[in-house]
Amino acid sequence: MSNSNDDKAKFSPLGGARGDSVLILSGGVDSVTMLYDYKEQIALALTFDYGSKHNKKEIAFAQYHCQQLGIPQIIIPLSFMQQYFKSSLLEGGEDIPEGSYDDENMKSTVVPFRNGIMLAIAAGIAESNGLKHVMMANHSGDHAIYPDCRPQFAEAMSQAISAGTYDGITLLAPYTDLTKGDIVKRGIALGIDYSKTWSCYKGGDKHCGKCGTCTERKEAFLMAGAPDPTVYEE
């Protein structure tokens, strides 16, 4: 599937697409699992290039899984976020901290209101294409660090999207109360190849194995009782 600027500019309404939802797809474990879990409902996947250190890694896997399932995907550049927002997750930011996902220092990886921005764009694209829902793959492990992954945010954002669209589009976040281990269990049952997903915030050749999201990834496979196919640096 081509992703040139010309192709993105020429993106047209989906017409007879099979589903009624737009999914925000990063290329990580959670959103890739949702892509497979709800593939009959998803008409379009949106992937955002917002200047994170691991964007290139994630985007390649997001493209791969959309191609595997035959789900249309568009990649939307959000370069202003890297330019104006402060976060260690972004290119040019401070070093990615290491340690547990819920450690205080992991707050430096928050990209302010990232999900709010992405969901607003997804809502506009959904309404432009006659779709009913936008979907995000937040889960319970995100709640401690990321405000725009919490249940209160998802509920409020769904109300705002519904109030701000003629068709009353809503936000679906079915993994909100699940752990990442629960999500991996679902994905294993669905036959997902998790070696073709990316988590590490450092964006190196291999997963570092030390940052918060690598630690969480390892723990998820342990909780799921499944072998971890990830290649780590250590």
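The crossing of helices α2 and α7 is left-handed, a label used when the near helix is turned anticlockwise from the far one by less than a right angle. This is a predicted model, where local features need pLDDT of at least 70, side-chain atom pairs count only at pLDDT 80 or more, and totals for chains, interfaces and linings use all residues. Residues are numbered from 1 along each chain as its sequence is written, and side-chain values use heavy atoms, leaving out hydrogens and water. Helices (H or I, at least four residues) and strands (E, at least two) are DSSP runs, numbered from the N terminus.

**α2 with α7**
- Helix α2 covers residues 29–37 and helix α7 residues 180–190; their axes are 9 Å apart, at an angle of about 45 degrees.
- That makes α2 oblique to α7; angles under 35 degrees count as roughly parallel, over 145 as roughly antiparallel, 65 to 115 as roughly perpendicular and the rest as oblique.
- Axes here are lines fitted to C-alpha atoms, for helices over the stretch in contact, and angles run from 0 to 180 degrees between N-to-C directions.
- On the α2 side, Val29, Asp30, Thr33, Tyr36 and Asp37 meet Lys180, Ile183, Val184, Arg186, Gly187 and Leu190 of α7; contact means heavy atoms within 4.5 Å.
- The residues of this α2–α7 contact divide into five nonpolar, two polar and four charged. Ala, Val, Leu, Ile, Met, Phe, Trp, Tyr, Cys and Pro count as nonpolar, Asp, Glu, Lys and Arg as charged, and the others, Gly among them, as polar.

**α2 with α3**
- The axes of α2 and helix α3 (residues 55–69) cross at roughly 10 degrees and come within 11 Å.
- These two helices are therefore roughly parallel to each other.
- Val32, Leu35 and Tyr36 of α2 make the contact with His65, Cys66, Gln68 and Leu69 of α3.

**How enclosed is α2?**
- Eight of the nine residues of α2 are buried, so α2 is largely enclosed by the rest of the structure; buried means under 20% relative accessible area, exposed over 50%, partly exposed in between (1.4 Å probe, protein chains only).
- The cover over these buried residues includes β1, β2, α3, β4 (133–135), α7 and α8 (212–224).

**The largest nonpolar core**
- Among the 45 residues of this core, Leu46, Tyr50 and Leu119 touch the most other members. A nonpolar core is a set of buried Ala, Val, Leu, Ile, Met, Phe, Trp, Tyr and Cys residues joined through side-chain atoms within 4.5 Å.
- α5 gives the most to this core, with seven residues.
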